[in-house]
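Dear colleague,

I am handing over the structure we spoke about, and it is placed directly below. My notes on what was found in it follow, so please read them with the structure open.

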Amino acid sequence: MAKRPRHPDKDIEGAVQYAEANGWIWTPSGGHAWGVLWCPLGQRGGCRFGVWSTPRNPHSHARFIQRQVDRCRH
């Protein structure tokens, strides 16, 4: 499996690393999203959300990622 590319924003990269440390899996995405994070459940009904490549407010998007990881019930 190829290594995940680093996100260009340091805050978002840190949030993605936080998610991965908690068992979340990153997959590449087409379109405007840089990728998708999938919760550790890893099946239908699990949590997932897009990680944007160039959000309007990168610091806020990084906080959103961490909140989603912390709120996941799986």
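Leaving aside its neighbours within four places in sequence, which residues is Ile65 in contact with? The answer is Ile12, Ala15, Leu37, Phe49 and Val51, where contact means heavy atoms within 4.5 Å.

Before the rest, a word on the basis of these notes: this is a predicted model, in which local features need pLDDT of at least 70 and side-chain atom pairs count only at pLDDT 80 or more, while totals for chains, interfaces and linings use all residues. Residues are numbered from 1 along each chain as its sequence is written, and side-chain values use heavy atoms, with hydrogens and water left out.

The protein chain has two helices and three strands, and from the N terminus on these run α-β-β-β-α; helices (H or I, at least four residues) and strands (E, at least two) are DSSP runs, numbered from the N terminus. With 74 residues, a compact globule would have a radius of gyration near 11 Å, and the 11 Å of the protein chain agrees with this (the radius is taken over C-alpha atoms, and the globule rule is 2.2 Å times the number of residues to the power 0.38). Along the principal axes, the C-alpha atoms fill a box of roughly 30 × 25 × 20 Å. Of the contacts with a separation of 6 or more, 38% are accounted for by residues 24 or more positions apart.

Of the 74 residues, 31% count as buried, a term that stands for under 20% relative accessible area, with exposed meaning over 50% and partly exposed in between (1.4 Å probe, protein chains only). The protein chain carries 11 positive and 5 negative side chains, and the centres of the two sets lie 7 Å apart; Lys and Arg count as positive and Asp and Glu as negative, without His and the chain ends, and each charge is placed at NZ of Lys, CZ of Arg, CG of Asp or CD of Glu.

His61 lies in helix α2 (residues 58–71) and counts as buried at 8% relative accessibility; not counting residues up to four places away in sequence, His61 touches Ile12, Gly50, Val51, Trp52 and Pro55. Cys39 is placed in the loop between β2 and β3 and is buried, with a relative accessible area of 2%, and beyond four places in sequence Cys39 touches Trp24, Gly46, Cys47, Cys72 and His74.

Leaving aside neighbours within four places in sequence, Glu13 is in contact with Arg4, Pro5, Arg6 and His7.
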